[in-house]
Amino acid sequence: MNGLWSAPLAWVGRSALELSAGFGRFGRFTASAVRALSDTGTWGRQLIEQMARLGVESIPIAVFIAAFTGIVLALQASYTFTGAVPLYFVGALVAKTMILELGPVLTGLALAGRVGANIASEIGTMRVTEQIDALETLAYDPVAYLVVPRVLAGVVMFPIVVAFADAVGIAAGWITSINLLDLSTPEFVRGVRLFFDTFDVRYSLVKATSFGLVVTLVGCFSGFGAAGGAAAVGRATTQAVVLSSMLILVLDAFWAAVLL
Amino acid sequence: MKKRTDVVVGAAILAGIVVIVVGTLWLKGSGFGREEIELEARFREVGQLLVGNTVKLRGVPIGRVEEISFERGGDGVLVKMRIDRDAPLPEDPVVILSPESLFGDWQAEIHPRAQFPRYAFAESAEPGVLPGYSLPDISRLTAVADEIAGNLAVLTDRVETAFTEQTAENIRQAIENIQIVSERLTGLVATQQEAVEEVARRLNETTATLSEAAFAVRRTMEQVDSAVANGEIAAIVGNVASASAKFDSLSMELLRASAEFRAIAFRADSAMQAMGAIAARLQAGEGSLGLLLQDSTLYADLLRTNAILQALLKDIQENPRKYIKLEIF
């Protein structure tokens, strides 16, 4: 009887402790990253390179996803609006959906896979091959050298990537509307402008910034926590992608509840 | 290699910023390089109007709503709009807010006031602030329609309640009765038509007679008029005045006679009262005459005395010397 109950209870207790320990480690890691911000000489030289890798090189995949999302949105909207609702509402739906939701979230999820996995595997490999220990031996702060430039690059470049994604998504919806639907450019533009508010853009950029912070920070944290061999790197990569994706969706709901 | 990376990142960031700024301005509908002016209008309320809604003139979009705010120290709402400088505003312009479509998007339209003389525009004491009027939105119209529909439903229910099979049968019966009455009326009209025609004929004759009478009256009046003109009426009036004076005199005489007659009547009344008293005494057998009337013995004595006296007179006539002895000296 004791054995029957003790095992699940032990599992719950162990999980709670691990979760608390994980939060604690993540908090300490974040605090060390904030402290490392003052070491500009270390992370400054890495920033541009990380911006290029995490941001500029992510633009094609973000634009690709956004383009097809815009096409699908336009077609599905026209399918839905057939009948009572005027077709120019396709423009309103494409623009609103791309700017408020799909642009930031799909881009964030895509970059969680691409960027988060990249960071976690790179830093995890450095961890298991003791390169991070070597940096410490060379008097480099590994957080300032590895984490801060990546997190800052993510925070700065994610909004840029999302802006491209929004623009391309709307443009794809427009091209689809005038080519595949009985919709003219003025009608589509009327729909796009119908319910547009500049707040929509701010909302989209705030979400993108928070997604950039979460994806890069979680990627770095997972990589830093890798211990063991190649398998640990794989686990860290998986953890980074899964955790980043979950946090993106949680943040999406959070911002919707707070800002809308 | 490092420099190339810097350039690429810089270009990406700049391009991203340009996309954000230009995209936002484009979506907002801001006119690039277009000269605009600011226009303000006052409303009592603005319905579903939002910042960014279209401003139209004669159906042509000429700008957008820039700001919506409460009027300071008043009960109105001020709406600022940015419109094309070249837009040809009408004389005495007013702004009307109305739904642009059935889906909640509104617009501000600029019109000449004369086009809507019955609208109660919200005037502003501030110079340069246009008067505004907000049309009822779809929800209000829908609410009214809903109320009407509710009333119709109630009415329908009542009609359904009232309109039973029995009611239908009664109505059918009533229709049949009306039909019968109508047929009877038709017959009656046909019957009475001749009488009506006769009446009409007589009416015509009467009218002719009346016309003749009127003609005669008119002729008489003409004669009267002529008589008046000739002074005959004046003479008649003079005679009437004279007769009236005489009549007044006669009347006075009659009054006097009446007074005398009243005195005579009074005296007659006194005499009649005295006669009444005498009659009463006679009736009561008082006095000689009363006794004479009431007592037959006295009458008989009187008759006997009379007879004796007659015999005595006869004897005196026959034998005067028996009774009268005349001696001279």
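Predicted model: local features only at pLDDT ≥ 70, side-chain atom pairs only at ≥ 80, totals over all residues.
**Exercise 1. Determine how the strands of chain B are arranged, and follow the pairing of β6(B).**

Solution. In chain B, 7 strands close into a barrel with mixed pairing, in the order β1-β4-β3-β2-β6-β5-β7. On average, neighbouring strands of this sheet are turned by 35° against each other, direction ignored; the axes are lines fitted to C-alpha atoms, and angles run from 0 to 180 degrees between N-to-C directions.

Step two concerns the neighbours of β6(B). Two strands pair if DSSP finds at least two bridges between them. Strand β2 (residues 54-57) of chain B runs parallel to β6 (residues 106-112) of chain B, joined by 4 bridges. Strand β5 (residues 93-99) of chain B pairs with β6(B) in the antiparallel sense, over 7 bridges.

Step three names residues. E109(B) in β6(B) is the bridge partner of K56(B), and I96(B) also stands opposite E109(B). Q107(B) in β6(B) is the bridge partner of S98(B).

**Exercise 2. Characterise helix α4 of chain A.**

Solution. Begin with the length: α4(A) covers residues 89-128, which is 40 residues. From first C-alpha to last it reaches 54 Å, close to the 58 Å expected at 1.5 Å a residue; the expected span is 1.5 Å times one less than the number of residues.

Next, consider the bend, the angle between axes fitted to the seven residues ending at a residue and the seven starting there. α4(A) has a kink of about 60°, centred on M98(A).

Finally, consider the surroundings. Because 31 of the 40 residues of α4(A) are buried, the helix is largely enclosed by the rest of the structure. A residue is buried if 20 or more other C-beta atoms, placed from the backbone, lie within 10 Å of its own. After α4(A) comes E130(A), with a positive phi near 65°.

How values were computed
Residues numbered from 1 in each chain as written. Chains lettered and ligands numbered in written order. Helix = DSSP H or I, 4+ residues; strand = E, 2+ residues; numbered from the N terminus. Buried ≥ 20, exposed ≤ 12 C-beta atoms within 10 Å, placed from the backbone.
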